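Here is a short tour of one protein model, from its overall build to its charged pairs. Please keep the structure open beside you as you read.

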Amino acid sequence: MIRTLLDGLYLFAGYLAGLFLIVIFLLMMTLSLGREFGINVPAGDDYAAWSMAAMAFLGLAHTFRSGELIRIGLVLERLPAGARRGVEILCLLVGTAVIGFFAWYAVHMTYDSWRFNDMSQGAVAVPLWFPQLGYAIGLTILAVAFIDELVHVLKGRAPRYEKPRAETPEEIVTRAAESGL
């Protein structure tokens with residue numbers, strides 16, 4: 001049940017990131033086309049920037065779980081199995097600590113913005129905690145994903161984000177094309 005819940009959380013965060021991508025597209029098109037017709041979106045650039053930050057951070061956990069985050073795979077593939085497992089655990093420990101640190105302070109910063117009623121300085125005054133939610137929630141979900149993966153690997157299982165080795169040159173090209181390299 002917990003596995004289904006966590007996988008659903010990562011997928012939901014990925015869908016939210018996609019929704020913010022659509023919002024960015026709509027805002028940018030409205031801003032661009034609006035100039036031709038005399039339509040102005042007050043603080044449209046601010047909304048687009050906040051949406052971009054939310055998109056980037058909300059998509060991190062899903063990207064991590066899909067095995068699409070940049071890793072040290074070239075180094076890991078050349079290590080013997082025992083050393084590879086140790087390096088993988090070390091990387092997950094360091095990643096969990098770093099992401100946990102950033103998530104903690106992102107949540108703290110968002111809470112402080114809410115507590116002090118910080119407002120944006122743009123054309124439209126928006127409480128800063130609202131656009132900061134995407135950043136804080138995205139990092140928190142990523143921290144959960146790292147902890148989840150660390151526990152999974154510490155139980156002796158292979159990392160779920162790891163894809164099987166490519167066997168043919170065509171498969172390498174296909175994976176590179178799919179990942180956007």
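The report below starts with the fold and then turns to salt bridges.

## About the model

This is a predicted model, where local features need pLDDT of at least 70, side-chain atom pairs count only at pLDDT 80 or more, and totals for chains, interfaces and linings use all residues. Residues are numbered from 1 along each chain as its sequence is written, and side-chain values use heavy atoms, leaving out hydrogens and water.

## Overall build

You will find 7 helices and 0 strands in the protein; helices are DSSP runs of H or I with at least four residues, strands are runs of E with at least two, and both are numbered from the N terminus. The radius of gyration is 20 Å, well over the 16 Å that the globule rule gives for 181 residues, so the protein is more spread out than a compact globule. That radius is taken over C-alpha atoms, and the rule is 2.2 Å times the number of residues to the power 0.38.

## Salt bridges

The whole structure holds 7 salt bridges (a side-chain nitrogen of Lys or Arg within 4 Å of a carboxyl oxygen of Asp or Glu). In one of them, Glu 149 pairs with Arg 65, with the closest N and O atoms 2.9 Å apart. Glu 149 sits in helix H6 (residues 129-154) and Arg 65 in helix H3 (residues 60-65), so the pair ties together parts 84 residues apart in sequence. Glu 149 is buried at 0% relative accessible area, and Arg 65 is buried at 15% (buried means under 20%, exposed over 50%, partly exposed in between, with a 1.4 Å probe and protein chains only).

Arg 3 and Asp 7 also meet in a salt bridge, at 3.3 Å from N to O. Both lie in helix H1 (residues 2-37), 4 residues apart, or about one helical turn.
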